[in-house]
Amino acid sequence: MDAELEKYIDDHPSEFDVLPTGRVVCKVTSHEMEPKWEIVQKHLNGSKYKNKKPFFGLESNWYEKYAPYIVVDKKNINKMHCTVTGCKLNKIPYELDKHVQGKKFKRLLAIKLAAEQEAKIKEQKKREKKLAYEAKQAELKASDLAEQIEKESKKNEGGNGNGNGNGDGNGDEQNDGDGGEQQNDGDGEQQQDENNKNENNTNKKKRKRSESGGKKAMKRKKRKKVVKSSK
């Protein structure tokens with residue numbers, strides 16, 4: 001084994017190892033090679049190693065640490081979507097790290113966090129206002145209920161007092177009723193007397209007119225007789 005290759009394997013024990021057969025195995029790609037530095041170096045520069053190296057030693061959900069600002073793209077699961085800048089990113093750890101360290105991401109993230117904080121404050125004020133309104137309404141309902149109970153209590157007390165006073169007042173009311181009936185009887189008799197008097201007066205006037213008319217008729221007859229006798 002080359003001395004340079006042996007030194008590299010000693011410096012990267014998590015990525016490379018030497019098999020009992022003497023061959024070198026890459027733990028990143030599971031590829032076996034001859035123990036020669038030129039061959040291992042060619043493997044290190046290959047696309048297979050470069051594509052798998054960033055994910056080596058990572059858990060399957062390694063990208064979740066970037067959430068909620070960087071999430072898996074809905075249309076392409078091999079891409080990531082940044083909710084802050086709106087751009088698409090490769091699902092590679094070092095590219096995501098580079099993106100979150102960029103000036104654009106930091107500036108827009110600060111604006112986004114400020115807006116979220118303001119929205120939370122508004123929501124808190126709205127919630128407090130709603131709670132205060134509900135508490136006031138509950139207080140008004142309690143006050144109305146207490147007032148209604150007090151009115152009903154006074155009404156019941158007044159009803160009991162009227163019931164106790166009915167017995168005392170019946171006698172007086174009965175007496176008042178008797179006196180009223182007697183008064184009505186007296187007024188009726190007086191009215192009847194007046195009607196009788198008026199009727200008598202009317203009859204007298206009729207008789208007088210009748211008598212007066214008869215006397216006038218007798219005088220006219222006498223005049224006629226005198227006139228005839230004189231002729």
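His43 sits in helix α2, which spans residues 37-44; helices are DSSP runs of H or I with at least four residues, numbered from the N terminus. The relative accessibility of His43 is 13%, so the residue counts as buried (under 20% relative accessible area, with a 1.4 Å probe and protein chains only). Beyond its neighbours within four places in sequence, His43 is in contact (heavy atoms within 4.5 Å) with Phe16, Cys26, Thr29, His31, Met33 and Tyr49.

This is a predicted model in which local features need pLDDT of at least 70 and side-chain atom pairs count only at pLDDT 80 or more, while totals for chains, interfaces and linings use all residues. Residues are numbered from 1 along each chain as its sequence is written, and side-chain values use heavy atoms, with hydrogens and water left out.

Next come the aromatic rings. The whole structure holds 5 aromatic pairs, meaning rings of Phe, Tyr and Trp (its six-membered ring) with centres within 6.5 Å; planes under 30 degrees apart are stacked, over 60 edge-to-face and the rest tilted. Trp62 and Tyr63 make an edge-to-face pair, at 5.6 Å centre to centre with 80 degrees between the planes. Trp62 also pairs with Tyr66: their ring centres are 6.4 Å apart and the planes stand at 90 degrees, so this pair is edge-to-face. Trp62 is buried at 11% relative accessible area, and Tyr66 is buried at 8%. One aromatic cluster is formed by Tyr8, Phe16, Trp37 and Tyr49.

The average pLDDT of the chain (the predictor's confidence in each residue, from 0 to 100) is 79, and 72% of the residues score at least 70.

Definitions and conventions:
Buried < 20%, exposed > 50% of the residue type's maximum accessible area, 1.4 Å probe, protein only. Helix = DSSP H or I, 4+ residues; strand = E, 2+ residues; numbered from the N terminus.
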